[in-house]
Amino acid sequence: MKTLVAAFALALALAAAPAAAKDWKKIRIASEGAYPPWNSTDASGKLTGFDIDLAQELCQRIKAECVFVAQDWDGLIPALQAGKYDAIMAAMSITSERQRKIAFSEPYALEPAAFAAMKASPLTAAFKAEGGLDLEEINADEQKTLDGIATALKGKTVGVQVSTIHQAMLEKLMPSLTLRTYDKTDNMALDLIAGRIDAMVIDRSNIEALAKAEGGKDITVFGPNLTRGPLGIGIGVGLRKADADLKQLFDMAIDEARKDGAVAKLSQKWFGYDVTVRR
């Protein structure tokens, strides 16, 4: 009887104890591979870009092997939750909506969003590409700017990538706009060039990358750089909430890479400017 009681007590203790931390010697990291210069796919099918280089840098600091997985944007979070991989590094901004589903590392980059159109569009003359607009607390002058852009886009079609912060931002702040969603930003750029949409909203660096691609030389930014609010607090590594130990490892590695200039160095390589999050 005593043996049974002891065994039962041991079973209860084991059940109550926290699960042992996973041995993170190999980390499977997903990226879209279609959002240059953050992430793209080269001619051989290999993932490349800022996210990929930074992931390699962080894995070296964690002393783990990186294994990269290509995943379409709208399936990134569901596949993470399903255990297809362990982390997401795909220029994914940290927002309250996403935080209800998954965890994030501390932000490793901060990039503004912007509107883009073709150079011949009257939008580019009406709204110069200058200044910044913080969407966290919008004052009267900033609201006037947003209202002016929305009025100018009335009756026009604006492209956004599906399930992104850019779509969420426009639906919240400019609900009267007619939106067309795309699976990938290069498909959206092709429609902009062909005149099937009048404008698009994506990250500033992605606009610049698309403008350098074949046929994109007349794509240009208009209006202010947009940050915070519905656009989130920065770009982080997406993780399962149960993997708190992996989050801690990424947080430490990101902090080190920020402090010793590794993030800034990779920023200059891929963007020509620094996307480091200042502390």
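Which residue forms a salt bridge with Lys22, and how far apart are the closest N and O atoms? The legends below, which describe a predicted model, begin with this contact.

**View 1. The salt bridge between Asp86 and Lys22.** Asp86 is the partner of Lys22, and the closest N and O atoms of the two residues are 3.9 Å apart. Because Asp86 belongs to the loop between helix H3 (76–81) and strand S6 (87–88), while Lys22 belongs to the loop between helix H1 (2–16) and strand S1 (26–31), the pair ties together parts that are 64 residues apart in sequence. Asp86 has a relative accessibility of 1% and therefore counts as buried, whereas Lys22, at 45% relative accessibility, counts as partly exposed.

**View 2. The salt bridge between Arg28 and Asp86.** Asp86 also meets the side chain of Arg28 in a salt bridge, with an N to O distance of 2.9 Å. This pair, too, links distant parts of the chain, since Arg28 lies in strand S1 and Asp86 in the loop between H3 and S6, 58 residues apart. Arg28 has a relative accessible area of 27% and is therefore partly exposed.

**View 3. The network of salt bridges that includes Asp86.** Across the whole structure, the search finds 16 salt bridges.

**View 4. The salt bridge between Glu256 and Arg61.** The side chains of Glu256 and Arg61 meet with an N to O distance of 3.8 Å. Here the linked parts of the chain are both helical, with Glu256 in helix H10 (residues 244–259) and Arg61 in helix H2 (residues 50–62), and the two residues are 195 residues apart. Glu256 counts as partly exposed at 41% relative accessibility, and Arg61 likewise counts as partly exposed, at 22%. As a general point, side chains of opposite charge can pair when their charged atoms come close.

**View 5. The disulfide between Cys59 and Cys66.** Cys59 is joined to Cys66 by a disulfide with an S to S distance of 2.1 Å, and the count of disulfides comes to one. The torsion about the S-S bond of Cys59 and Cys66 is about 90°, so this disulfide is right-handed. Both cysteines, Cys59 and Cys66, are buried.

Definitions and conventions:
Residues are numbered from 1 along each chain as its sequence is written. This is a predicted model: local features need pLDDT of at least 70, side-chain atom pairs count only at pLDDT 80 or more; totals for chains, interfaces and linings use all residues. Side-chain values use heavy atoms; hydrogens and water are left out. A disulfide is a pair of cysteine sulfur atoms within 2.5 Å. Buried means under 20% relative accessible area, exposed over 50%, partly exposed in between (1.4 Å probe, protein chains only). A salt bridge is a side-chain nitrogen of Lys or Arg within 4 Å of a carboxyl oxygen of Asp or Glu. Helices (H or I, at least four residues) and strands (E, at least two) are DSSP runs, numbered from the N terminus.
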